[in-house]
Each structure stands twice: as structure tokens, then as C-alpha cells.
Amino acid sequence: MKIDIFNHIVTPRYNEARKKIAPAAMRLQDQERVMPALFDLDARFRAMDTAGHGYVQILTTANPPVENIGAPADALALSRIANDEMAELVSRHPDRFIAAAACIPMNDIDAAIGEMDRAVGQLGCRGVQIYTDCRGTPLDAPRFGPLFDRIAALDMPVLLHPVRGPDRPDYPTEDVSRFDTWRAIGWLYDTVSAMARLTFSGLFDRHPGIKVVTHHLGGFAPYAAGRLNEGYDKLLKAARARNEPVPLKKHPFEYFHQFYADTITIGSVPALRCGVDFFGVDRVMFATDMPFDTAGGVHYVRVALEAMNALDAPAEDKASIFEHTARRVFRIT
């Protein structure tokens, strides 16, 4: 079996609800035309069929986050609709959708915890999706602490998705990002930045077993491993020279290996090899990011499978990446 742990869907009632709440913020007409498999179940099934027998998905909602669409009450309402619909799809199509990750309103942490509890306890969701920041606030802000405490108590994996948009400029002298830099490059930066902030918050010291799954194979963390290690070594030495306490139990770089990652490299085999070597096969899981291509989702499915097939790894390692690690992390029997 091939379990696709990170792909996206916009379900019908959720789609209509977010259009009503923030019509000006939605680019849905363009998305519906270019990416029908994001919205249309038949189109999605046709794209999924290209992967062959035994390909199943863990569902997640698509950008933008609910907290970017509406106020806390609206964000909670959207989360509930999305979770209800995804759970219904898992129940109705178990041969297509093996699980779903809960959508939660990060602009109201009490509501987020309550909805996560409902989605996991009542709807059977097997994880939770959050973004690399909440409307510009980093994830190490104290208000998010109780959420991570509850996630750890539930033993649910966190799917960490980048959130930077074109409104975040590439340079201080500009007002917007140009040339799609916000997504093509910025998402990788946002991922590694969030990993660093979670690390320095002491998350892994408080919750050693917490499972945070980074999108796009940990951003550029595997490629920049030497630089990260050396940079944090300098940071520690400078702190010690100033007699400043070091709050972490281990060298900061060591915690980067405690994250999990998906295989989304858009077909790059060298990048995939680098990421697997960095995280290890027991922390890497297959994913496609479908249907966010311009071929109805088919392209991302194809290149994800081609990269895995081209990866020079033993069959048992590939089986772990395709299926076994996901079953363990998401507790799928």
C-alpha cells in the first residue's frame, strides 16, 4: 500500500462557507478551473487512479488557514464543517481515504483544543494540521503551549504546513513578494524557521515523543544540515562566554532530527535522498501534495512515485516510507 500523508481537499460545504465569509480573499474560481481535483471528487478519483492499486490518502484542508479567512467564531465554524465532511469521506470511501487530519482555528486556542478533541474523539481524525505561524505569530508564542500539550497527550501527529503569502515582501523596501518567491523559496524558509522556533521553545524536552511532520521534506534543513549545526554551535559558545544559561537538554541541532517529514520534492531524487539520509526512513513518509499542479493532480502523483522508484534504497526502506511509518505515526491499523 502507498499512503499519501500530505495532500489537500476542499469539501463542498466548507467551500461554500468560506466563500460567504471572505469572498474577496478567495481565488476559488481560478483554482476550480485549474485544479478540479481539489474540489471535485470524480476528478480526484481519476487522478488517484493513475497511482495504481493500493494508493490511499490522508486528507487535509487546503490553504488558506481558517484563521486567515475569518474571526475566531467563523474559523471555528469552518473547522467543524471541514472536519465533518472529511470524516464523512473517510467513512464513505475507505478504499480511497484511510484517515483525515483535523482542521483547527488557531486564532482561538481554547476553541482549537476543543475542536481537535471532537475531531479525534468523535470523528476519528488521526492527526491535526497547523501552519508555520498564526497570522504572523510564531508557534513558540506562549499562547500555543497548551495546544501542543494537548497534542502530545492525544499522541496525534502534527502536519506542519507553510503559510507565507504574496503579501510578505522579499525585501524591506518592497510591499509584496515578486516572481512567486513567497511560495517557491519562502515556504522552505518558513518551514525551517518554525522548526527552529519549536526547538528553542523546548517542545521536545517537554514532550520527547511528540510527532511534528514537516511539509516538503523539512524545507532546506537537510541540505543546510552542516550550516545549521555549525551555526547553533557558535550560538551556544557565545551564550556560554556571556555566562547565559542554555535551556535545552541537547545541542539545538540534534532536535532537528526529531522532526518527521514527507517526501514532497516535486520529483527531485537528489533532494529526496538528502532528506531520507537526514531524517531516516523511520521518520519519512510518502506524500504528493496533490492536486496543486496544473495537470489535475496527476503530475504531482506521477513525479512523487517516480522519485520513490528511482531512490536507491532497499525494498524494506521503501516499504517503510510508503506505508509502515505512516501506520505507526498516525496509528492506523
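**View 1. α4 and β4 at the second largest cavity.** In this predicted model, α4 (66–69) and β4 (127–131) each supply at least two residues of the lining of the second largest cavity. β4 gives the most, with three residues. The volume of this cavity is about 50 Å³.

View 2. Thr-61, Pro-65, Val-66, Glu-67 and Cys-103 belong to the lining. So do Ile-104, Met-106, Gln-129, Ile-130 and Tyr-131. Sorted by class, seven of the lining residues are nonpolar, two are polar and one is charged.

**View 3. The largest cavity.** How many cavities of 30 Å³ or more does the whole structure hold? A search finds two. The largest contains about 60 Å³ of space. Its lining includes Thr-263, Ile-264, Thr-265, Ile-266 and Gly-267. Ala-287, Thr-288, Tyr-300, Val-303, Ala-304 and Ala-307 also line this cavity. Seven lining residues are nonpolar and four are polar. No charged residue is among them.

View 4. Ile-332 lies in the segment after α15 (315–329). Is Ile-332 buried or exposed? Its relative accessible area is 10%, under the 20% cut-off, so Ile-332 is buried. Neighbours within four places in sequence are left aside here. Beyond them, Ile-332 is in contact with Ile-58, Ile-98, Ala-99, Ala-326 and Arg-327.

**View 5. Ile-332 and Lys-318.** These two residues are 14 residues apart in sequence. In space, Ile-332 and Lys-318 are 18 Å apart, C-alpha to C-alpha.

Note on methods: Residues numbered from 1 in each chain as written. Predicted model: local features only at pLDDT ≥ 70, side-chain atom pairs only at ≥ 80, totals over all residues. Heavy atoms only, no water. Helix = DSSP H or I, 4+ residues; strand = E, 2+ residues; numbered from the N terminus. Buried < 20%, exposed > 50% of the residue type's maximum accessible area, 1.4 Å probe, protein only. Contact = heavy atoms within 4.5 Å. 1 Å grid on protein atoms, 1.4 Å probe; cavity = no way out; pocket = protein on both sides within 12 Å on 5 of 7 lines; lining within 4 Å. Points joined across faces, edges and corners; volume = space filled by probe spheres on them. Nonpolar A, V, L, I, M, F, W, Y, C, P; charged D, E, K, R; others polar.
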